[in-house]
Structures are given as C-alpha cells and as structure tokens.
Amino acid sequence: MANSPKPNVTLKAEKEIREEKDGAKEMDEPAEDEEDEEERKARATARERDAQRQLMTIEELVQTERNYLKHLQLCTVTIHSNLQKLQPPPPNLEIMFQHIDEVMDVSSRLLSLLDQTQIHHSDPKYLETLCDSFLSLSQDIEMAYKEYLANYNNITALENSYKQKEALWAEMVRIVKSSAPDVNASTLSFFLVMPVQRIARYPLLLQTIQKHTDPGHPAYPLLEHAAHTAVQINCRINEYKRFREVADKYKKTENLTIKDKINRLSAHSIAKKTARFSQYIKHETGMVPKLKDEEFEALAGFFFVLESGVSELHDNLEAYLHHLQRFLRCRPEEADLDLEGDKTALFSKEISVALRQWIYPSYEERLKTLVFKPLSSLRELMAGPRNLICKRQDKLLDYELIEEKSNLSFEEQAIANTYKTMNTLLLTELPQFNGKALQILWASLEAFSALQRDLAADMEQLATSFTHQLTHSLLEDGEFWKWAETSVLEGSRRMESLCQSVQCVLDAPIVQALNPECESRLKALTTKHGSEKIYQLTGPVVGTRDLDLTLSKGELVAVVSEMDTRGDRRRWLVDAGGPRGYVPALKLVRYHQITTDRPQSPHLRVTPTAPGPRRHSYTPGAQPLTHTITTPCFQVYAGYDFTARSAHEVSLRAGEQVRVVEPHDKRGNKDWSLVEARGQRGYVPSNYLSILPSEIASPSFHYR
C-alpha cells in the first residue's frame, strides 16, 4: 500500500509536460506567421522595385532614343549646312557624314513603331511591342551601323586633318557652338561618336530590362530573344569592322621608291620574305603540296579576267576619245573640196560645222559621263581587291609554315588570324564585287551602244535635212529593184569571198617553215629539252593567273611538266625560250619538225650549174644563180607556201609572182623582205623568195 501513490504522481507529471508543450506551440505559431508575413512583404517590395526599375529602363531606352535622333538631325542638317557655307568649304566634308542617314532612318522607324501602339510604358503589352519592334528592325539596324562603324576611322582621321589647319578648325568650332547652343559641344565628333555608343547601349538596356522582369511575364521569352539578338548584332559588327580594318590596311597601293623600300628593310622583314620565298620554291618544285581552295581560285580567276576586260576597254575608249579630239580639230569646210554645184558645197560646209560644233561635242561629253568615267572609277576600285588577293598569297605562305604546329606563339596566332580573316573577307565580298563590277561593265557597254545609235540618228537627221533640198535622179520601180538585187548579190559575193579567205586562214596548217628567230629558239629548246618535248600552240593564250604565259598562235614551247604544282593536268608548265609558265594543255599539240633544208618547190625546176650558198634574201644587183643568160631580166616568185601570222605579214602561195619593195625590214634585218602581192603589202621571210630569169618565168616556159 505504501507504493500505490507513485502511478498518480507519474501521470500528473506527464500531463504537466504535455500542457507545457501545447503552450509553447501556441506561442510559436504567431511567431512563424509573423515571419511569413515579413517574407511576403519583402517579396512584394522586391517585385515592386523590379517593376519600377523595369519601367525606368524602358523609359530610358525610349527617351534616349528620341534625344539621340534629335542630336543626329541637328548635326546632319543644321551644322552640316552651315559648314558647307564656308568659303572654301572643308575638303572631303561629305566623308564625315557617310552612312549616317541610314542610321537616322532606322532610329526614326523604331520610334515610329513604338509610337503607333499608343500604349503606356507601364502596360505589360508595351514590353512585347518594344521587343517586336526591335527584332523586326534588327537586320536593318545591323546593316546601317555596320557601314557607319566601318567608316568611323576615316571620320576621326579626317577630323585630325582639320585640326592641323588652325584657321579652318577655329571656324568649324565656332559654327558647331553657334549651331547647337543648347548642347555642350564644340566639335563634330561629339555628335558623330553617338552611333558608336548607341549600338553598344542596346544590349545593356535590354539586358537590364530582362534582369528586372519576372520570368513568368508573357513577354519574357521575346525579351530574352531581343537581348540575345542585340549582343549578336554587336559581335557581328565588331567582326565586320575588324575585316574592314584588315582590308583597308592591305588594299592600299603604295608607290614606294627604291630608297623607301630599302629603308623599310629590317632583320624581321628579311627573314619573313626569305621564308616566303623558300615556301614558294617548294611549291613550284613539288616538294611541298599547296593548300587548295577551288572556290577562291574560281573567284580570283574570274576577277582577273574581269579586270583585264575592264582595263582593255578603258584603254580602247581612251584612245577612241583621243582620236575623236584629233578629228574635231580638222576643218574640212575650210578646204576646197571641188564639189559640183553651189548648193552641194554649201551644204557640205554646213554639215561639217554642225558635226564639229554640236553633234560630236555633245556625243563626246555623254560618252565621257556615261561610259568613260564609270569605267575609270571601276578600274581604280579594282586595285584594292587585286592587292588583297596578292597579299592573301603572301599570308598563305606564312600560314602554311605554322599550320602544323600544336602550340602557337602570340605572333604566330596573329599571322593565322590575319590569313583566316583575309580569306573569309575575300570569299564573302569578292563574289559581290565581281557581280557589281560585271553589272557596271554591261551597263557601260549598253550605254556605249545607245550612244552610237543616237549619234547615227543625229547624223542621219542632219544629212536628211540638207539632202532633200538637192536634186535627185529618180528610178522606176523595175530599175530600182534590179539595182537593189544587183547590189545585194554583189555584197553576197564579197561576203562569200571574205568568208572563204577567213576559212583559209583558220584552216592553214600550224606547222610551217619557221623564220630565223623561231629556228634559233627551236634549236635552243631542242638542245635543252629534246625534240620529243617540243609542242606548238594551236591558238592564242592569255594569262589570267600568276605564272600564266601570254603567247600567240603557232609559238613553240618545250613542256617541262604535264601538271602544275597542285597536280592539275589541265595546266602544263612550259619553257617558251626564256620565260617559264603555265598554259592550257588543250592548246598544245606535238610539233612535227620540218627539215632545215627547204623542199624543192614544184614550180622551180632550175638546177644551178655550179655549187654555191643558198639564197636567203633578195639583194638588188646580186645574181644568186650562175646561169649564163643573154637578157639580164629577173622576176621574183614565192618559192614556198607562207601563211601570215599577223597584220604586218602577207600570205603567199608557191609560184606566186611578187614585187620586192624593200629587201629588209624597218630595222635593216635582211631576214625579212617587204613585198607586194595581189595588191597587198607585207613582210615575208627572205629565204622564201626565189629569183628566176624572165625566160623561165615566162608563161611559155614548160616546167619539167
């Protein structure tokens, strides 16, 4: 019984503990509720603060865009016009404002899209409108700012040149300050640097808006895309600017004297050029394979063909204008032309005066404006890409030397980056340049054709206005058509004869007797390479790439290698008796060498009575044959067939009678003689001519 109260004490203690715990829990619950309430208030405050910062950033983007456009308009309109009023105006002032109109246009379009919505900045839909507007203009923004930033170095260089002229610079500062009194600006660069700063500010503002925008916002994905696009635009602009800097650095044409070139030499430059030359020799000898880029080679080949065509057309037009000037200096109306009738002489003088004073001067001016000047500008523009292509070849040689290295030094990495930049730039922009240059070339040719048509129309109108006043003899219909038919048939016969003559020249065999100069070259090539290596060109070849040769039809060469250094069997390396280079394999045929002793002409059956040296030229007073002839009368005939290979030569057939005008050329070389045959004059090899006595040359003489 003494131990019975213990269970009651234990139960009482447990009850007290539970009561204490319940009391403590009831005290903790208000504390937790207070903490949750504070967290909710903090989050609400943070969201409100982010919303305020988001709104402030949006307003900053829009308002700064308005101020930015306002300042650019002030610069390009007011300040620009005031600077143009200076006497004399600053040189090359327009370069300072190049491409800024495109920047202003894209900025005004962006603001116009934002203003069209008529939504307050605090409206959640405004953020979506802002992002849509920016993304829709992203390509235009990139194009406008890309060109402006690429030209910005020229702007700063031009402004520095203005600073060298103190009087001009002081006047420009005065005009800037007076034109923009509300802006604390004293130079043009204050305004012209704004686009450079603005394009870099777009990603910062958009990223700030994104930072303070709830990820659950409906426009958040669009905002994220806009911020990423702004960053990518800046990256591409910087890459393009780097490309342009490399292009501007290497496309310049420097006219250095020998002294300047020597002063530029250093140990580093000598080592670099020596390494390039060594690599080049290895390529040409086939010791080291060359990096192939068929796409670039095709673009460069087309560029060089295009450049050659533009240059040749420019030179021809220059000569044409020169001859036109000489023609305009002629005054045929002042000469006595001995024309029948007073009206005819008067009309002739009036037509000559009209041509010289009005028609041809107007034609010449239009020709210079529409054809010659565009071609001159295009020819000058082609110097830059040509220099870049040549410089790429040098950088390629440098790049090949370090290509296989695993670890590159800082200088070697710069070399690799320079080559890759130049290669990418040419692959990207050379097709565009070729296309635009081809368009200009075709447009120039079309303009030239139109000018010729207009000139013919003006001359026809001028002649018609006078000729209708002269008396004419009228033909009956039958007589007229008979005359027309006769004229057409006669023209047809002439055309047929011309076609036959051209076909005879085209079908003439390439292998023919050689002149002394070609004989000496053939002998040297045969001695050096062997007769089996001698080939002849079936047609003219014009070099379009480095190491290509320009040769005429029929020239002899020795084949050194039946492929180029890249293994291309379409281009053969040949020795042309001095220069070595590449020619197309399709233009080469094996040369069938003829004997040095000429074959006996079927028209010549005279055997000299005594031995003597072979005749090589006609010398007046000399008698190469030892016949005893009673009448000292001789006639010159062609002993062998000869095909003219230029406009200065004349073709002959064996047995054809000729007249020797001069037994030598203009330099006194007796290996060639100037002859007249069939009413044509030209040079032929002297040893192709034979002198026959008149009794043998007589038609009554029977050949045996």
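Predicted model: local features only at pLDDT ≥ 70, side-chain atom pairs only at ≥ 80, totals over all residues.
**Ground rules**

I count residues from 1 along each chain as its sequence is written, and side-chain values rest on heavy atoms, with hydrogens and water left out.

**Overall make-up**

I looked up the secondary structure and found 18 helices and 10 strands in the protein. Both are DSSP runs numbered from the N terminus: H or I over at least four residues for helices, E over at least two for strands.

Next came burial: 35% of the 704 residues are buried. Here buried means under 20% relative accessible area, exposed means over 50%, and partly exposed is in between, with a 1.4 Å probe and protein chains only.

The accessible surface comes to about 44000 Å², and carbon and sulfur atoms hold 54% of that. These areas come from the Shrake-Rupley method with a 1.4 Å probe, and for residues only the protein chains shown count as cover.

I also checked contacts (heavy atoms within 4.5 Å). Of those with a separation of 6 or more, 68% join residues 24 or more positions apart.

**Aromatic rings**

How many aromatic pairs does a search of the whole structure find? It finds 13. The Phe-303 and Phe-304 rings have centres 5.6 Å apart and planes at 65°, so I noted this pair as edge-to-face. My cut-offs: rings of Phe, Tyr and Trp (its six-membered ring) pair if their centres lie within 6.5 Å; planes under 30 degrees apart are stacked, over 60 edge-to-face, and the rest tilted. Phe-303 is buried at 0% relative accessible area, and Phe-304 is buried too, at 18%.

I then turned to Phe-327 and Tyr-360, whose ring centres are 5.3 Å apart with planes at 80°, so this pair is also edge-to-face. Phe-327 belongs to helix 12 (residues 294-328) and Tyr-360 to helix 13 (residues 342-381), so the pair ties together parts 33 residues apart in sequence. Phe-327 counts as partly exposed at 44% relative accessibility, whereas Tyr-360 is buried at 12%.

Further along, I found one aromatic cluster formed by Tyr-640, Phe-642, Trp-672 and Tyr-688.

**Charges over rings**

My test asks for NZ of Lys or CZ of Arg within 6 Å of the ring centre and within 35 degrees of the ring normal. Arg-392 has its charged end over the ring of Phe-296, 3.7 Å from the centre. Arg-571 does likewise over Tyr-582, at 4.5 Å from the ring centre.

**Helix 14**

Helix 14 (residues 383-402) spans 29 Å from its first C-alpha to its last over 20 residues, close to the expected 28 Å. I take the expected span as 1.5 Å times one less than the number of residues. Since 15 of its 20 residues are buried, helix 14 is largely enclosed by the rest of the structure.

**Backbone details**

Most residues other than glycine have a negative phi, and most peptide bonds are trans, so I looked for departures. The Gln-87 to Pro-88 peptide bond is cis, with omega near -5°. Pro-88 sits in the loop between helix 1 (6-84) and helix 2 (93-96).

Asn-92, in the loop between helix 1 and helix 2, has a positive phi of about 55°. His-99 has a positive phi of about 65°, and I placed His-99 in the loop between helix 2 and helix 3 (100-117). Its relative accessibility is 27%, so His-99 counts as partly exposed.
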